[in-house]
Amino acid sequence: MKVLVPVKRVIDYNVKVRVKADQTGVELANVKMSMNPFDEISIEEAIRLKEAGHAEEVIAVSVGVQQCQETIRTALAMGADRGIHVVHDGDIEPLVVAKILKELVDKEGPSIVIVGKQAIDDDSNQTGQMLAALLGWGQATFVSKVEIEGDSIKATREVDGGLETISVMLPAVLTTDLRLNEPRYASLPNIMKAKKKPIEQFTPVELGVDPSCRIEILKVAEPPTREAGVKVSDVGELVDKLRNTAKVI
Ligand code: AMP
């Protein structure tokens, strides 16, 4: 079976994000960009499914600007077999990405799509769920363990207060949580090999999808700065402050 893995190009998670002076968004000029960390976990899981003999091909897909090719190359260097780049220059929102992925699923026929649980730039947590709905497929979100059992997947999900184990019929959409695996680093020979792997290109319109946005960002603001703390001399003073100043006990 084939596994399709969307990989989003986002600001690197180590970068301190700065809000633009006019509050219309965040600074992207000269900022290091990388693959969304949850998508690295998805690629790793897809490669493990291939290594275990469950999958024959892993396809990495990215939607966005020309530099998304670098993100796809990273996925190819980790072990994905080929890439698809859907080229789009402007803003793109989860519903549009989900519609594009649906068209690619119809074209490629994967049995599993492994989506990140959220992109660390927009924190939407929507694309996987919307894709499952558009396809009419089952979904297992926030998965921390995946086992293939015949024509279904046994998935462990991270939920409030514990773990839930569910069985989902294939084909299915999975969204990956942090503890699913530890993504591998691409070795130098694999980075070289990745340069020769094919990347197909489409535009949203070629796939029959209107890329225009329905969501308008009205304002982006820094979180309020935290006030300085106070030092207390003993436990008695701490309890007094918690009771009478902070009023939390
Ligand atoms: P979101 O719903 O925006 O939080 O994104 C969740 C996941 O959807 C990401 O981790 C990616 O797997 C996928 N995704 C979202 N946007 C894109 C994109 N432009 N290109 C490829 N994958 C994407």
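Which elements each supply at least two residues of the lining of the second largest pocket? The elements are β2, β3 (33-35), α1 (37-51) and α2 (68-78).

## Basis of the model

This is a predicted model, in which local features need pLDDT of at least 70 and side-chain atom pairs count only at pLDDT 80 or more, while totals for chains, interfaces and linings use all residues. Residues are numbered from 1 along each chain as its sequence is written, and side-chain values use heavy atoms, with hydrogens and water left out.

## Overall architecture

The protein chain contains 6 helices and 11 strands; helices (H or I, at least four residues) and strands (E, at least two) are DSSP runs numbered from the N terminus. The C-alpha trace spans about 65 × 45 × 40 Å along its principal axes. Of the 249 residues in the protein chain, 41% are buried, where buried means under 20% relative accessible area, exposed over 50%, and partly exposed in between (1.4 Å probe, protein chains only).

Rolling a probe the size of a water molecule over the atoms shows where empty space is left. On a 1 Å grid over the protein atoms alone, a pocket is an open set of points with protein on both sides within 12 Å along at least five of seven lines, whereas a cavity is a set where a 1.4 Å probe fits but cannot get out; lining residues have an atom within 4 Å of a point. Grid points are joined across faces, edges and corners, and a volume is the space filled by probe spheres set on the points.

The largest pocket has a volume of about 1100 Å³. Its lining comprises 34 residues, and K8, L28, D91, D121 and D122 lie nearest the centre. Two or more lining residues come from each of β2 (9-11) and β4 (57-64), and β2 gives the most, with 3 residues. By class, this lining has 18 nonpolar, 7 polar and 9 charged residues; Ala, Val, Leu, Ile, Met, Phe, Trp, Tyr, Cys and Pro count as nonpolar, Asp, Glu, Lys and Arg as charged, and the others, Gly among them, as polar.

The second largest pocket holds about 620 Å³ of space. It is lined by 24 residues, with D12, Y13, S34, M35 and E40 nearest its centre. Helix α2 gives the most to this lining, with 4 residues. The lining divides into 12 nonpolar, 5 polar and 7 charged residues.

## Helix α2

Helix α2 is mostly covered, as 8 of its 11 residues are buried. These buried residues are C68, Q69, T71, I72, A75, L76, A77 and M78. After α2 comes G79, whose phi is positive, near 145°.

## The enclosed cavity

The count comes to 1 cavity of 30 Å³ or more. The largest cavity has a volume of about 300 Å³ and is lined by 24 residues, of which K8, D39, V97, A119 and T127 lie nearest its centre. At least two lining residues are supplied by each of β4, α3 (94-108), β6 (112-116) and α4 (127-135). This lining has 10 nonpolar, 9 polar and 5 charged residues. K8 is among the residues nearest the centre of the largest cavity and is also among those nearest the centre of the largest pocket.

## Helix α5

M192 is found in helix α5 (residues 188-194). M192 counts as partly exposed because its relative accessibility is 47%.
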